[in-house]
Amino acid sequence: MSKSSILILALFTVLEPALFGQTGQKARATPASAQKKSPLSLQQIEALLGVQAPDSTVAAEIGNRGLSFRLTRATIGRLKDRGAGPQTVQALSSTLPQTTVVVTTQPSSPFFELRVVSAKYKADSAGRVMIDDIDPGVYDVVFRHQGVDEEQKLKLTIGEGNTVQELRVLPSRQMLAKQEYDEALKLKDDDPGRIAHFDEAVRLDPGFAAAYLARGIAKGWLGRCQDALPDFDRAIQLNSRSAEAYTNRAACSWNLGNTIQAIEDCSASISINPAQESVFSLRGRAYNKLARWAEAESDLRQAARLGSKDYRTFHELGMNLCIQEKWAEAATNFDQALVLKPDNIESLRYRSLAKNAIGRFEEGAADLERLRQLTGGVSAPLTPTPTPMTPK
């Protein structure tokens, strides 16, 4: 048998399972939308490949069965998967229409993705997706902005012939708000331009809790704590389980001198997420300020257990222990505070006080000498000397 016969037999072997079921029954009719172009006959296939079937019995057998197939990239792919050679695949592929679909958004966004049948595509940095080599037909396209649960379903119609099509998508307001939010996060924490993006995000989506929270934090970075409070209020209103919103509102309240509100918000945050050393530290400092010594000690110890790296945790715990006249333990906590913030003058002063109280006078004197070097000889205390707690 000649090479041409072998090629046609191979085509017959490959095509038959695609057109007839496993039992040899004829496959279901192709939907009307897919029958705009007539299927290729055996003779047309031979013409495309530049071969003929010299074996008349094989040709007759195929002809008798009415064997034909629709030439698409999918069927060519099946031929390739089942062993068709590169020349066959190339010859068939060259006859297909070259269709490219360019998908863009308005306004432009690099954060979207598409799903066409089982294929997935992500936008490039210019906010564009290019889909090449797609067969004629009507397709369901799922559009989704990255980071947003919402999806939009579109219809994409591909006609016959060589074409370039453009599909422009208008994202929902929620998707556009997420885009503004993402743009803001690219900027530095103290960049005032972040707030403009967050402003636009909440304008587009008034229910965007994360954007209110982020805008409040951005204002806090710029020292606008009073202005940040309404954003944290709104974030909590939209998501009452946001530990981060309570934490940041507590920090702003603390900076504004509202100690009671800071404690209440710290408590709410801890009830949601009890593994926050920074929140225990802040609440402990607030309790210290209100002379609620036992509660302060408990919170500051918990912050230390959770791995706090904030010198204030250990400095405030040292101060608390000085008030309780637990001098040795106070000195140990001042040691840790000075590891985290070397030459902190308040920690040096009170460590000297604690070490003198336990008879380590040389070390206490060394701290005072270092303090004089740092302050230029000023010896007055920087904060009131702790007063021991009155026994109950």
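Which residue is the bridge partner of Thr104 in β4? The partner is Arg128, and the points below place that pairing among the other features of this predicted model.

1. Basis of the note. The model is predicted, with local features needing pLDDT of at least 70, side-chain atom pairs counting only at pLDDT 80 or more, and totals for chains, interfaces and linings using all residues. Residues are numbered from 1 along each chain as its sequence is written, and side-chain values use heavy atoms, with hydrogens and water left out.

2. The open sheet. Three strands are arranged in the order β4-β1-β7 as an open sheet with mixed pairing, where two strands pair if DSSP finds at least two bridges between them, and where strands (E, at least two residues) and helices (H or I, at least four) are DSSP runs numbered from the N terminus. At the edges are β4 (128-132) and β7 (163-169), each of which pairs on one side only. From one strand to the next the twist averages 20°, the axes being lines fitted to C-alpha atoms, for helices over the stretch in contact, with angles running from 0 to 180 degrees between N-to-C directions.

3. The β1-β4 pairing. Strand β1 (residues 99-105) pairs with β4 in the antiparallel sense over 5 bridges, and Val101 stands opposite Ile131 of β4.

4. Loops and backbone. The peptide bond from Gln106 to Pro107 is cis, with omega near 0°, and Pro107 has its place in the loop between β1 and β2 (112-116). Val117, in the loop between β2 and β3 (119-122), has a positive phi of about 55° although it is not a glycine, and its relative accessibility of 60% makes it exposed. Glu325, which is also not a glycine, has a positive phi of about 60°; Glu325 lies in the loop between α14 (311-323) and α15 (327-340) and is partly exposed, at 46% relative accessibility.

5. Helix α5. Within α5 (residues 86-93), the residues Thr88, Val89, Ala91 and Leu92 are buried. Viewed down the axis of α5, these buried residues fall within an arc of 165°, so they line one face of the helix, the arc being that of the directions from the helix axis to the C-beta atoms. The face turned away from the buried side of α5 carries the exposed residues Pro86, Gln87 and Gln90.

6. Aromatic pairs. The count comes to 3 aromatic pairs, under a rule by which rings of Phe, Tyr and Trp (its six-membered ring) pair if their centres lie within 6.5 Å, with planes under 30 degrees apart counted as stacked, over 60 as edge-to-face and the rest as tilted. Tyr181 and Phe208 make a tilted pair, 5.2 Å centre to centre and with 40° between the planes. Tyr181 lies in helix α6 (residues 173-185) and Phe208 in the loop between α7 (193-204) and α8 (209-221), so the pair ties together parts that are 27 residues apart in sequence.

7. Arg173. Helix α6 also contains Arg173, a partly exposed residue with a relative accessible area of 47%. The C-alpha atoms of Arg173 and Pro206 are separated by 9.9 Å, the two residues being 33 residues apart along the chain.

8. Charge over a ring. The charged end of Lys289 sits over the ring of Trp254, at 5.2 Å from its centre, where the criterion is NZ of Lys or CZ of Arg within 6 Å of the ring centre and within 35 degrees of the ring normal.

9. Cysteines. The count of disulfides is 0, a disulfide being taken as a pair of cysteine sulfur atoms within 2.5 Å. Cys225 is in no disulfide, and the nearest cysteine sulfur, that of Cys252, is 3.5 Å away. Cys225 is buried, with a relative accessible area of 10%, and Cys266 likewise counts as buried, at 0% relative accessibility.

Key
Buried means under 20% relative accessible area, exposed over 50%, partly exposed in between (1.4 Å probe, protein chains only).
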